[in-house]
Amino acid sequence: MSRIWESLFSKNGLAAKGIAKELIDVNEGDRIPRVEDFVQKLSFGRGTIQGGLNVLERLHAITLESRGHLGTFLMNKDIHILKEIAGIGSLMGAMPLPYSTRYEGLATGLIEVSDVMHKRLDLAYMRGSKQRLEGLKSRRYDFVVMSKLAAEEEMKHNDNLQVAINFGPKTYVTAHEIFLADPSNNQIKDGMRVGIDFSSIDQSKITLLECDKINVELVPTNYMQLFENLQNGSLDAAVWNADERRTNKTFKKVGFRTKEANMLSEKASTSVVLIEKDRTDVHDFLLGLETRKIIEIQELVVNKKKLPHY
């Protein structure tokens with residue numbers, strides 16, 4: 001640790017931490033509070049407040065300009081350094097692997113909106129809603145992105161979970177459909193080998209409903225291997241995300257025969273952010289994000305009017 005960063009443990013450094021919190025929401029070019037204001041709010045002497053401001057400048061967190069009787073103005077700030085000094089870290093979330101433009105768009109929206117609002121987010125990408133839920137429960141992640149269907153299923157068994165953001169229909173996937181290896185078939189029927197991924201709440205529940213009362217062989221399959229197994233003849237049918245580009249071009253797809261599967265499919269199209277109820281800091285952080293802007297960015301990526309960035 002450098003001597004400069006060690007200075008945060010001095011009295012001036014403690015003042016710098018408090019000042020940093022106050023300056024996070026001050027725009028570049030605006031006047032900062034007076035020294036007297038900091039003295040009153042942070043309960044430090046004038047000399048200590050001035051020392052705290054000097055610490056922030058030495059750490060390149062801010063650049064100040066004094067304009068005499070007009071006051072002192074914030075010319076530049078590094079929001080990430082300010083947050084680090086203030087002790088405000090980033091949040092870590094987990095969402096599905098970005099194999100479709102809809103997932104890419106959602107990830108892009110979350111990252112870009114959080115950056116603009118100076119609310120830093122880091123995202124991990126992992127397959128399977130159950131794996132993401134385990135990461136949330138173990139607190140490896142502060143929040144997880146999943147379908148409304150998967151979130152509601154988990155909340156039935158865990159009353160310490162809540163939905164912090166609901167992005168609305170068709171934000172998780174456009175739809176789920178049945179993909180058939182043989183284009184002469186029009187639905188799942190007796191004798192078929194149907195792929196099922198039990199790590200995916202959405203895919204497994206919809207598959208079980210659609211196959212109810214049909215004499216099929218359910219073949220446990222990794223979700224990401226459904227395409228290859230349909231292609232090589234190991235499977236005859238599988239429920240799959242309709243946004244997956246290569247699958248759309250390769251296999252025949254049909255809708256669900258059962259009303260129940262269609263209802264679940266609609267819930268599975270809605271993207272939500274799930275958190276633990278006792279994480280009020282995470283809840284407040286996420287409430288500050290502009291949900292409408294995130295969805296707008298997602299649509300731009302889906303329609304190829306914006307390059308994904310995540």
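**A walk from an exposed loop to the aromatic pairs**

Start at K213, which counts as exposed because its relative accessibility is 81% (exposed means over 50% relative accessible area, buried under 20%, partly exposed in between, with a 1.4 Å probe and protein chains only). This is a predicted model, so local features need pLDDT of at least 70 and side-chain atom pairs pLDDT 80 or more, while totals for chains, interfaces and linings use all residues. Residues are numbered from 1 along each chain as its sequence is written, and side-chain values use heavy atoms, leaving out hydrogens and water.

K213 sits in the loop between helix 9 (201-210) and strand 9; helices (H or I, at least four residues) and strands (E, at least two) are DSSP runs numbered from the N terminus. Its phi is near 70°, a positive value in a residue other than glycine. For context, most residues other than glycine have a negative phi.

Back to strand 9 (residues 217-220), which holds L218. With a relative accessible area of 32%, L218 is partly exposed.

Now for the rings. Phe, Tyr and Trp rings (the six-membered one for Trp) pair if their centres lie within 6.5 Å; planes under 30 degrees apart are stacked, over 60 edge-to-face, and the rest tilted. That rule gives seven aromatic pairs. One of them is Y103 with Y172: the centres are 5.3 Å apart and the planes at 65°, so this pair is edge-to-face. It ties together distant parts of the chain, 69 residues apart, with Y103 in helix 6 (residues 101-116) and Y172 in the loop between strand 6 (161-166) and strand 7 (176-180). Both Y103 and Y172 are buried.

F227 and F251 make another edge-to-face pair, 5.5 Å centre to centre with 65° between the planes. Here 24 residues separate the partners: F227 is in helix 10 (residues 226-231), F251 in the loop between helix 11 (245-250) and strand 11 (252-254). F227 counts as buried at 7% relative accessibility, and F251 is buried at 9%. As for clusters, Y99, Y103, Y172, Y223 and W240 form one.

Finally, zoom out. The chain splits into domain 1 (3-86), domain 2 (91-167 + 270-303) and domain 3 (176-267), with bounds from an automatic or database domain assignment. The C-alpha centres of domain 1 and domain 3 lie 58 Å apart.
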